[in-house]
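Please view the sequence and the structure together while reading.

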Amino acid sequence: MIDSGRTTKAYLVGGGIAALAAAAFLIRDGGVPGENIRILEQMPLTGGSLDGRKAPDGAYVTRGGRMLEDEAYTCLWNLLESIPTLDDPNVSVRQEVADFNRAVPTDARARLIDRDHRIVDASRLGLDARDRLELARLLVTPESAIGARRIDEFFSEHFFATNFWAMWRTTFAFQNWHSAIELKRYFLRFLQEFPRIHTLAGVRRTRFNQYDSVVRPLTKWLLERGVRIEQGVTVTDVDFTERDGIRRAGRLHLRRASGPETVELAELDLAFITLGSMTADASFGGDDTVPELVRDKRDGSWTLWETLALKAPDFGRPSVFNGSVAEAAWESFTLTMRSPALLKRIEEYSGNAPGTGALMTFKDSPWLMSIVVPRQPHFAGQPEGVFTLWGYGLFMDAPGDFTGKPMAACTGREILTELLGQLGFDDIAEEVRASTTITSVMMPYITSQFARRSAHDRPRVIPHGARNFAFLGQYVEIPEDVVFTVEYSVRGAMHAVHRLLGLDLPVPPVHHALAEPATVLAALRTALA
């Protein structure tokens, strides 16, 4: 453990939320001077998958949207309590989130929509006795016994046709072939969401998209403290040494536009290495173009982990997670509208004002399309009279009802046609098409963290014997916690910093809903209804 924080230099590989959080914890908890911290990022922006931006053509886009939650996101809230908002240095980001959700509570009234454009009574989960037994069997089966088995190895066909599964899978983006271990962890972590899965009343959202509401304030806080964020830098390799069971990172190999470079790590220096990326090789489409499904790992986000994995058997197996694009990919889209017509009609149809409805899922859609109408404006600086909507399709290969084409083969205009058809809004279709720009995003690895895996496919945050390095991100192993959450990245960062610096500070425990009798009772009543 490093016990001399003032002289320690820290190198953070990757500029996603895990690295940004680690930098904040190094300063706040470890007393490491900001000027001793360097963040090395290959992309031109920090934030990793927490993005949100305006394109040169004036259209807005986010690749995804993260729904937060009070009970389970303890490490994230711990971090954001320390970060002031951009508007008021006396208000923390955590407080802003709490205030926003009190003012704009979520209470979805159109969570599921059927093929006849009717709002389904989603409070009727549709579970039968066999479904409940299968749920119980998964919950009591140890992870060691589940192993690399699929979700659909634990449930019958009836379960997958229930309203419950339609809501659960689209809230968290599960496919039937994903890891049963990950589904079990989600059930245990979010048991408190069972009684409110049909309204998503437990969802907590940020005032703007998460880039503007979380990444920008956090980045500003770091820069004000002297942290150096270097963009256009790709870390291609790390040299390690081992002696008497102690492993150390000794040298970083970098690549810049100007050429290769190495960084030697001194005795007290630390390296925090982000592994893999769920948004690697994302490609964008427009009104008249189709985003490419990239399969050949062009942006280098996986290459570093593949290189490191050859150095030690406990550094994980990236091929488990990036080896099947077909099982990990889906496509999202953002509408930029210069008319309020679509949002007004959705509000009339659903009974939800923008920002209060969470996910609307077209349960019979061949694409299993879902949309979210956020509170406007959703982007900092978004002008009055411009509105946005985000959506995604979990199935990309089936022909759409209104396009006759797979989502993966559709232009933005065709995706809009499919959406308007699912809503049944033919009377305003012409106005909406004329006033809307569509940006689609293909993400080949977006659910790769749910891949079926064995116990050693993900490395520990701090591998055995590691003295001055840690692994970060969505592909490390944090027992009991759930991937595909901001909380997972922040928890791993806190654990890494506290352990490597030898800090006698607690990491907030993983939330255990089963330890709360009232939560368990409410979930049982819901499942038995």
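## Helix α16

How many of the 15 residues of α16 are buried? The helix is mostly covered, with 13 of its 15 residues buried, where buried means under 20% relative accessible area with a 1.4 Å probe and protein chains only. Helices are DSSP runs of H or I of at least four residues, strands are E runs of at least two, and both are numbered from the N terminus.

Helix α16 covers residues 486-500, and its end C-alpha atoms are 22 Å apart, which agrees with the 21 Å that its 15 residues should span at 1.5 Å a residue. The expected span is 1.5 Å times one less than the number of residues. Just after α16, Gly502 has a positive phi of about 65°.

## Basis of the model

This is a predicted model, in which local features need pLDDT of at least 70, side-chain atom pairs count only at pLDDT 80 or more, and totals for chains, interfaces and linings use all residues. Residues are numbered from 1 along each chain as its sequence is written, and side-chain values use heavy atoms, with hydrogens and water left out.

## Cavities

The structure holds 3 cavities of 30 Å³ or more. A cavity is a set of points, on a 1 Å grid over the protein atoms alone, where a 1.4 Å probe fits but cannot get out; lining residues have an atom within 4 Å of a point. The largest cavity contains about 650 Å³ of space. Among its 42 lining residues, Gly65, Arg66, Met67, Thr171 and Arg205 are the closest to its centre. Helix α7 gives the most to this lining, with 3 residues.

The second largest cavity has a volume of about 70 Å³. Helix α13 (residues 341-350) supplies the largest share of its lining, 4 residues.

Methods:
Buried means under 20% relative accessible area, exposed over 50%, partly exposed in between (1.4 Å probe, protein chains only). On a 1 Å grid over the protein atoms alone, a cavity is a set of points where a 1.4 Å probe fits but cannot get out, and a pocket is an open set with protein on both sides within 12 Å along at least five of seven lines; lining residues have an atom within 4 Å of a point. Grid points are joined across faces, edges and corners, and a volume is the space filled by probe spheres set on the points.
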